[in-house]
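Please walk through the fold of the following protein, taking its domains, its sheet and one of its pockets in turn.

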Amino acid sequence: MKYKAPRGTQDVLPVESWKWQRVESVFRETAARFGYEEIRTPVFEETELFARGIGDTTDIVSKEMYTFEDRKGRSLTLRPEGTASVVRAFVQHGMGRGARVTKLRYFCPMFRYERPQAGRYRQFWQWGLEALGSSNPAIDAEIIHFSVSFFAGLGIRNTGAKLNSAGCPTCTPDYNELLRRELAPKLGEFCQDCQTRYERNPRRMFDCKNPHCQELLDGAPSILDALCDECRDHFAAVRAHLDAIGVPYTLDPKMARGLDYYTKTIFEIHYEKLGAQNALCGGGRYDGLVEELGGASTPACGVSSGVERLVMALEEEGAFGENAPAPDVYLVAGEGDCASSNVELAARLRERFAVEMDYQGRSLNKQMQEAGKLGARFVVVNNGPGGPLRVRESGAGWEVEATLESVADVIAARMAE
Ligand code: AMP
């Protein structure tokens, strides 16, 4: 085999793509109920947008971006996440003018040069929400509630959020200093990456995957004890809203998100049965990002989530059931010379139903088997010009005759019973 999909990418074939369509349609319905409208941004942006927006010290920017020069030498990057692009569009199109909160959703591919493994890919899809223009803790609770409701709507129940605060520019400098002071005596025992993180952004050490580093961090001071009054009150209000809505959560003071822009609320939802890569979604508040990217000061909050992992979790839950969507009608060419009249019949029936038919001149038996395999609800047997059509409902013992004129109404009437 000469060509293969590049490492870390995958094809979503028809045996799977119907599951993706289900996820996407439930996403669209849920987002509509919560009032989030769709935005579609380009797959690539100026590299600077991500460097600035996500943060130079993050793994995403320092190790994982697909960056290239175009023919005019401009540095462009395939989008590794959605928020920076959405904020860029929000600023560029002046979407923040007017009093409303701007609530946006997306569902699109992302690109990160990571080591591929189950649940981690180089091209992967994310759904996400961004709400721009309000610091109200109701928004944070709404976004967490959305995530839990969306997963529940698809069939993953009993997910709870892990909740933490990232603080704000008022309280984090003191907290970073406190953390450095506490960790300084053991610094030499941390991995090389953590030693760099210690200098540049010590909270990022909590994100380290190395179990020894995690052990060394046990007992480190919690950011939740170091919040300024404003962050503390905001966090308490988010929790009160979640309690009122009935969204379960646990506090996780060691949670650090892999992106620099977060302030105040941060959260993740995990699905433990997925193993190492078990974060279904993550998000939080990013009150400084719009200004950082050249817009007016605009508080905001969002979430993003990997679709491949979600599909895997739903498979694990048995949430899709056994069967792919089936055609309503399978059109069988019978004994007579009917292959060409089936073309006309299919065209008529397709105005109202999903119709499959034979294109290979197979025997009546083979066509019947195919209809069964596809799970078609109705089989219509055409025995040639002039003769009646036999309409049969699979597994129901229901069979009638119809003409070319009446067949669609006969099927529709049976469906409506
Ligand atoms: P992040 O943008 O890193 O906060 O990731 C948000 C969500 O996207 C994660 O919780 C995962 O579900 C998903 N995700 C992140 N990176 C990958 C990847 N390389 N492959 C598949 N899913 C990913």
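**Domains, sheet and pocket**

The protein chain is divided into domain 1 (14–171 + 227–317) and domain 2 (329–416), with bounds from an automatic or database domain assignment. This is a predicted model, in which local features need pLDDT of at least 70, side-chain atom pairs count only at pLDDT 80 or more, and totals for chains, interfaces and linings use all residues. Residues are numbered from 1 along each chain as its sequence is written, and side-chain values use heavy atoms, with hydrogens and water left out.

Q: What separates the centres of domain 1 and domain 2?
A: Taken over C-alpha atoms, the centres are 48 Å apart.

Q: In what order do the strands of the open sheet run?
A: Strands of a sheet pair through backbone hydrogen bonds, either parallel or antiparallel. Here eight strands, with mixed pairing, follow the order E1-E5-E6-E11-E10-E9-E7-E8. Strands are DSSP runs (E, at least two residues) and helices likewise (H or I, at least four), numbered from the N terminus; two strands pair if DSSP finds at least two bridges between them. Strand E1 (37–38) and strand E8 (249–251) are at the edges with a single partner strand each, so one side of each lacks a neighbour in the sheet.

Q: How many bridges join E9 to strand E10?
A: Six bridges join E9 to the antiparallel strand E10 (residues 279–285). Among the residues involved, Thr263 has Arg285 in E10 as its bridge partner.

Q: Which residues lie nearest the centre of the second largest pocket?
A: A pocket is an open set of points on a 1 Å grid over the protein atoms alone, where a 1.4 Å probe fits, with protein on both sides within 12 Å along at least five of seven lines; lining residues have an atom within 4 Å of a point. Arg203, Leu259, Asp260, Tyr261 and Tyr262 lie nearest the centre, within a lining of 31 residues.
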